[in-house]
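The sequence and the model are shown first, and the description follows.

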Number of protein chains: 2
Amino acid sequence: MPASYENHRAQLKAILKGWGMPEANAETTAEILSWADLHGVDSHGISMIPGYDGLRRSGRAKMDVAPTIVRETPVSALVDGGGGLGHVPAHFAMGVAIKKAKTVGMAAAVVKHSAHFGAAGYYSLMAAKEGLIGMSCTSASGIQVAPTFGKQARLGTDPWSFAAPSADGTPFLLDMATTTVAAGRIRNKANEGLPTPDGWVLDAEGKPSNDPLVAKEKGGFLTSLGGSPENSSYKGYGLAVMVNILASCLSGATLITDPMHTKKPVGMDIGHFFMAIDPDIFRETGDFQQDVQSFMTALRATTPVDPAQPVMVAGDPQWKNAAKRMETGIPVGPGLLNQVRQIAQAAAAPWLLD
Amino acid sequence: MPASYENHRAQLKAILKGWGMPEANAETTAEILSWADLHGVDSHGISMIPGYDGLRRSGRAKMDVAPTIVRETPVSALVDGGGGLGHVPAHFAMGVAIKKAKTVGMAAAVVKHSAHFGAAGYYSLMAAKEGLIGMSCTSASGIQVAPTFGKQARLGTDPWSFAAPSADGTPFLLDMATTTVAAGRIRNKANEGLPTPDGWVLDAEGKPSNDPLVAKEKGGFLTSLGGSPENSSYKGYGLAVMVNILASCLSGATLITDPMHTKKPVGMDIGHFFMAIDPDIFRETGDFQQDVQSFMTALRATTPVDPAQPVMVAGDPQWKNAAKRMETGIPVGPGLLNQVRQIAQAAAAPWLLD
C-alpha cells in the first residue's frame with residue numbers, strides 16, 4: 001500500500017539527515033521533494049534520491065551548506081548556493097525575491113554554484129501563495145538536446161515555470177521542460193516496448209527517429225519543444241536559451257555549453273533564476289486575481305473534444321493529483337522503493353515506507 | 001524592383017499621416033512596421049496596412065491619440081493606449097520600463113486600451129540596445145486557437161519575446177507566437193496547394209487535420225506550440241495563458257476569452273506587457289554580455305545535420321535578412337502592393353514604391 005504523504009515526507013527527511021544535512025536544510029529539501037511526489041511530478045521527487053546520492057558520494061554536492069547573498073539591491077539578489085543541492089538556495093532566493101517584491105513591487109534573485117533544485121513549479125508557486133506572480137527557471141544538469149539543425153548535445157530540459165494567484169485560491173501554475181517531452185516519458189515507451197511518436201527524439205545524426213532507446217543509449221538527442229524545424233522547434237530551442245541566459249548568464253554560473261560543466265572535479269555550478277511581481281503595482285487590490293480567475297474559468301469551460309476529458313489549465317492536473325494522493329498515499333514503484341531502501345540503510349535512516 | 005528601405009519606410013509614414021496620424025506617431029509607427037519588413041518579419045509590416053485601414057475605417061482604432069501613464073511606481077507603469085494602434089503606446093511603455101530599469105535595476109510597464117502593436121521583438125530589442133534584458137508580449141486580436149483537449153477558439157497567437165545584449169553587439173532575440181505556426185505559413189501551404197504537416201491545424205471537431213483551409217475557412221483551429229496533446233501542446237497553451245495573464249490581467253485590458261472582445265462597438269482593448277532588467281544589478285559591468293556572447297558562439301558552433309544549414313540562435317535570421325534587404329530593397333508581392341497603392345491613393349498619400 002502506498003505510504004501516506006506524512007510518512008513519505010518523513011522518509012525523505014530521514015535520508016537527507018542521514019546524509020549529514022542539517023535539520024533546517026533537510027526539512028526544506030524534503031518539503032520540496034515530497035511536494036513534487038504529492039502533486040504527481042514523479043520525476044522530481046523521491047525518484048531523484050539515487051541521483052542525489054551519487055552526487056553526494058562523488059563529492060559533487062555538499063550536504064552541509066548555507067546559501068549566502070553576495071550582492072544585492074532593493075530589487076535583486078545574487079545568491080551563492082555553496083555547492084550543495086539546489087533546493088535550499090532556490091527556496092532562499094525565491095523567499096528573498098518575494099520579500100523584496102512586497103516592498104518595492106517586483107524583484108529577482110539568481111543563484112550560482114548550485115545543483116538540481118527539484119521541480120521549478122514549487123518556487124513559482126511560493127510567490128503565487130503570497131499573492132504575487134512568480135517565475136522560475138534553471139539551467140539543466142543533463143546535456144541531451146541538440147539545437148535546431150544541429151547534431152550535438154548542447155542544452156538540457158532547461159525548465160521554465162510561471163505562476164499567478166487567482167481569487168478562488170487555485171493558482172495558475174505552468175511548469176514545463178523546454179523539450180518536447182522529458183526523458184522519463186521516453187523511458188516509459190521503452191519499458192512498454194512501444195515506439196516514440198514523431199517529434200520526440202533524434203538519432204545520433206540528428207534525424208527524426210521513433211526509437212525510444214535512440215536518445216539515451218544510441219547517442220541521439222531529445223528534441224526542443226516543437227519537435228522538428230517544420231513544427232517550429234526553434235521556439236523550444238529559443239526558450240531553452242532564454243532560460244540559460246536568465247539562470248546562468250545573469251548569475252555567472254557555468255554555461256551549459258561549457259564542456260567542463262559535467263567534468264568539474266568538485267561541486268556543481270548550475271544557475272537558477274527567480275522573479276516575483278506584485279500585481280497591486282498595476283491594479284487595485286484583488287482585481288488581478290479576479291481577472292485570473294475569470295480567465296481560467298472561461299478556459300475550463302471550453303467545449304471539449306471528448307466530454308470525458310475536459311479542458312484544463314496549467315496546474316489543474318497537479319491539484320487533482322495532490323487531492324487524490326493526500327487520500328490514498330504516494331505510490332512508488334517496487335524497483336525505486338528497493339533502491340531507496342538500500343540508500344536509507346546505508347545512511348542509517350529509519351525505514352518508514354512499508 | 002523592390003523599393004529601398006528608406007522609400008518603404010517613407011511610404012508607410014505617408015499613408016499613416018494620410019490617415020490623420022500626427023507626425024511623431026506616424027514616425028514611430030512607420031519605424032516599427034518597416035523594422036519588421038527589413039528583418040524579414042513580413043507578417044507584421046506593410047502587410048498589416050489593409051487590416052489597419054479596416055480598423056481605422058470602422059472606428060476601432062483612432063489615429064490621433066497619445067498614450068498616458070495612469071498609475072506608476074519606481075518599478076512600474078500602467079499605460080492607457082487611448083484606443084489607437086498599439087505601436088506608439090508600446091514604444092512609449094517600453095521606453096518607460098527602460099528608463100526606470102536604468103534607475104532602479106528592473107521595471108515593467110503594461111498597456112491597456114490598445115490594438116495590434118506589430119512585432120513583439122521590436123520592443124524587447126529596444127531594451128537589448130540599451131544593454132538591458134527585454135521581455136514583451138501581447139494578447140492577440142484574432143481568436144483562433146483551441147486549448148488542449150478543446151474544440152472552441154479561446155486564444156490567439158499570443159506572442160512572447162525575449163532579448164538580451166551580447167558583447168559583440170549582436171543581441172539574442174526570441175520572438176515567437178505560442179502557436180505551432182502563424183496563420184501566414186498555413187496560408188502559404190494553401191496557396192501552393194500543399195497539405196499542412198501533422199500538428200499544425202485542427203478541424204472544427206478538434207481532430208488533427210492536414211487541410212490548410214481547415215483552420216480559417218472550415219471552422220477549425222490553429223494548434224498551440226507542441227501541436228498535439230501527445231507532443232505537449234499544453235506547453236504552448238500554457239505559454240499563451242501566461243502571455244494573457246501578463247498582458248491583460250495585469251493591465252486590466254479585456255480578456256481574450258471575453259466574447260465582447262471582438263464585438264466592442266468602439267475601439268479595441270488589447271493589453272501588452274513589457275519588462276526591462278539591468279544585468280549590472282547581478283554582475284560586474286560587461287560580464288553578462290560576455291557570457292551571452294560565449295553562449296551564442298558555442299551554440300552556433302554546434303555540429304550541423306547539414307553543413308549547408310548551420311545552427312543559428314534566435315535573431316540570426318533577422319540580422320541576415322536586414323543586411324540583405326538593406327542592400328537589395330524590401331520585396332512586396334504584387335497583390336499586396338496593389339492593395340497598398342489603393343489605400344495610399346484613398347489617403348491622398350504620395351506613391352513611393354515604384
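Strands E3(A) and E10(A) run antiparallel and are joined by 7 bridges; helices (H or I, at least four residues) and strands (E, at least two) are DSSP runs, numbered from the N terminus, and two strands pair if DSSP finds at least two bridges between them. Within this pairing, Val111(A) stands opposite His272(A) in E10(A). Strand E4 (residues 133-138) of chain A is also antiparallel to E10(A), with 6 bridges between them. Here Met135(A) faces Met275(A) of E10(A) as its opposite residue.

Strand E10 (residues 270-277) of chain A is mostly covered, 8 of its 8 residues being buried. A residue counts as buried if 20 or more other C-beta atoms lie within 10 Å of its own, as exposed if 12 or fewer do, and as partly exposed in between, with C-beta atoms placed from the backbone. Ile270(A), His272(A), Phe274(A) and Ala276(A) point one way from E10(A), while Gly271(A), Phe273(A), Met275(A) and Ile277(A) point the other way, and all are buried.

## Basis of the model

The model is predicted: local features need pLDDT of at least 70, side-chain atom pairs count only at pLDDT 80 or more, and totals for chains, interfaces and linings use all residues. Residues are numbered from 1 along each chain as its sequence is written, and chains are lettered from A and ligands numbered from 1 in the order in which they are written.

## Two copies and their contact

Chain A can be laid on chain B with an RMSD of 0.0 Å by a turn of 180° and a shift of 0.0 Å along the axis, the copies being superposed by least squares on the C-alpha atoms of residues with pLDDT of at least 70 in both. This is the relation of a two-fold axis. The C-alpha of chain A nearest the axis belongs to Gly226(A), 2.4 Å from it. The same surface serves both copies, since 100% of the contact residues of chain A recur in chain B.

The contact takes 69 residues from chain A and 69 residues from chain B, where two residues are in contact if their C-beta atoms, placed from the backbone, lie within 7 Å. On the side of chain A that touches chain B, the elements that each supply at least two residues include strand E3 (106-114), helix H7 (233-249) and helix H8 (287-300). The residues of that side divide into 38 nonpolar, 21 polar and 10 charged; Ala, Val, Leu, Ile, Met, Phe, Trp, Tyr, Cys and Pro count as nonpolar, Asp, Glu, Lys and Arg as charged, and the others, Gly among them, as polar.

Val243(A) lies in helix H7 of chain A. Val243(A) is buried, with 30 other C-beta atoms within 10 Å. Not counting residues up to four places away in sequence, Val243(A) touches Cys137(A), Ser139(A), Asp158(A), Trp160(A) and Thr178(A). Val243(A) and Thr138(A) are 105 residues apart in sequence, but 6.4 Å apart in space, C-alpha to C-alpha.

In chain B, an open sheet of 3 strands has the order E8-E7-E9, with antiparallel pairing. Strand E8 (208-209) and strand E9 (221-222) of chain B stand at the edges, each with a single partner strand, so one side of each is left without a neighbour in the sheet. Strand E7 (residues 201-202) of chain B is joined to E9(B) by 2 bridges, and Val201(B) stands opposite Leu222(B) in E9(B).
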